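Hi everyone, thanks for coming.

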Amino acid sequence: MKKRLYRILLLPGDGIGPEIMAEAVKIIDAVSHAGINIEIDTDLIGGAAIEKYGMPITETTIKKAKRCDAVLLGAVGGRKWDSLSYNLRPEQGLLLLRKSLKLFANLRPVKTLRPLLNISPLKSEIVNGVDFIIVRELTSGIYFGKPRGIKSTPRGEKGYNTEVYYQHEIERIAHIAFQLAQKRRKKVTSVDKANVLESSILWRKVVNEVHKEYPDVELNHLYVDNCAMQIIKDPKQFDIILTNNIFGDILSDESAMITGSIGMLPSASLGRSVGLYEPVHGSAPDIAGRNIANPCGIILSLALLFRYSLNYPQVAQVIEEAVERVIAANYRTKDIAGKNSRILNTSEIGDCIKEEVAKKLTP
Ligand code: IPM
Ligand code: MG
């Protein structure tokens with residue numbers, strides 16, 4: 001029987017994107033070598049696409065993305081394009097891609113690794129054993145709501161956005177959160193601002209309704225300001241944090257610091273058939289081109305790609321364990337270096353992780 005061919009589209013993007021993507025490609029090579037049939041294609045997004053096509057993503061790229069099994073993305077954005085009008089900014093490429101692929105569910109796992117406990121700015125006893133997933137709604141809310149804009153008015157310029165959620169949008173993301181919780185510690189914390197916002201009042205009501213279908217899962221609600229505090233005070237209380245687009249964006253950067261560095265955090269965005277995988281960190285223009293960025297975020301995102309899109313949980317685990325072993329052996333990029341760490345550059349860390357992966361995956 002002919003082996004199934006998996007197609008992955010790589011979108012390195014801007015800043016450190018291409019450097020970390022090169023390391024992910026090494027891992028893909030190691031996995032292909034072990035006998036999984038993978039075809040990769042590379043295309044432009046963000047500032048890189050603006051430079052070539054005058055827009056942050058082209059229709060051709062979106063079509064390509066729709067035809068593949070999964071997309072792996074580096075990062076978008078940079079100072080060079082900051083002054084462009086809203087529609088032409090690099091970030092729009094990513095937002096349009098998420099919307100076009102209908103990727104409404106963004107999963108951002110936050111898990112501490114033992115060897116990194118003292119890298120976190122929080123006390124070890126607080127971060128030791130943290131293991132939760134932020135389930136962020138990704139294709140609605142204030143990111144996409146209308147009306148939006150900047151307008152001249154008699155009282156001066158006015159900038160405005162709208163937080164909108166339809167019942168069905170809340171329902172589908174709530175189902176994802178409850179189903180994920182069922183496979184874990186069976187606890188969902190839904191985060192909103194229902195003491196102030198109508199969109200949050202509806203959010204809470206719909207989440208409570210959906211919860212009735214999952215009686216084995218415990219549900220509680222937190223206001224987002226309190227949640228921001230609880231993440232620092234006692235992050236171990238969380239199993240699944242379910243929240244809207246903008247709260248999820250903010251809380252995931254905050255949560256990243258629990259693990260020590262935002263460079264460590266992966267994410268998976270799921271919707272219909274094609275999944276999008278990207279590290280939580282941005283394009284880090286300040287360190288771009290210096291071969292010092294942490295490739296773990298994208299490599300762990302690749303692990304999620306194997307788990308959720310290609311249905312190879314064993315490969316995902318091998319990649320995750322490889323990252324853990326390299327870190328435990330005290331080989332680190334600068335952002336996660338401890339006292340006696342050997343500081344390696346981006347490509348050296350990538351080589352170490354690839355070697356570990358290759359060792360475990362024999363053809
Ligand atoms: C993220 C990023 C994006 C977001 C930007 C780059 C559009 O911050 O994925 O968290 O706000 O969603
Ligand atoms: Mg963000």
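**The sheet and its helices**

Let's start with strand 1 (residues 5-13), which pairs with strand 2 in the parallel sense over six bridges; pairing here takes at least two DSSP bridges between the strands. Ile8 stands opposite Ile40 in strand 2. Quick background: this is a predicted model, where local features need pLDDT of at least 70, side-chain atom pairs count only at pLDDT 80 or more, and totals for chains, interfaces and linings use all residues. Residues are numbered from 1 along each chain as written, chains are lettered from A and ligands numbered from 1 in written order, and side-chain values use heavy atoms, without hydrogens and water. Helices (H or I, at least four residues) and strands (E, at least two) are DSSP runs, numbered from the N terminus.

Okay, so what order do the ten strands of the open sheet take? They go 2-1-3-12-11-4-5-10-8-9, with mixed pairing. Strand 2 (37-42) and strand 9 are the edge strands, each pairing on one side only.

Over at strand 9 (residues 218-223), the partner is strand 8 (residues 187-192), again parallel over six bridges. Val191 has Leu222 as its bridge partner in strand 9.

Now the helices. Ile20, Met21, Glu23, Ala24, Ile27, Ile28 and Val31 in helix 1 meet Ile298, Ile299, Leu302 and Phe306 in helix 10, with contact meaning heavy atoms within 4.5 Å. Those contact residues are ten nonpolar, no polar and one charged; nonpolar means Ala, Val, Leu, Ile, Met, Phe, Trp, Tyr, Cys and Pro, charged means Asp, Glu, Lys and Arg, and the others, Gly among them, are polar.
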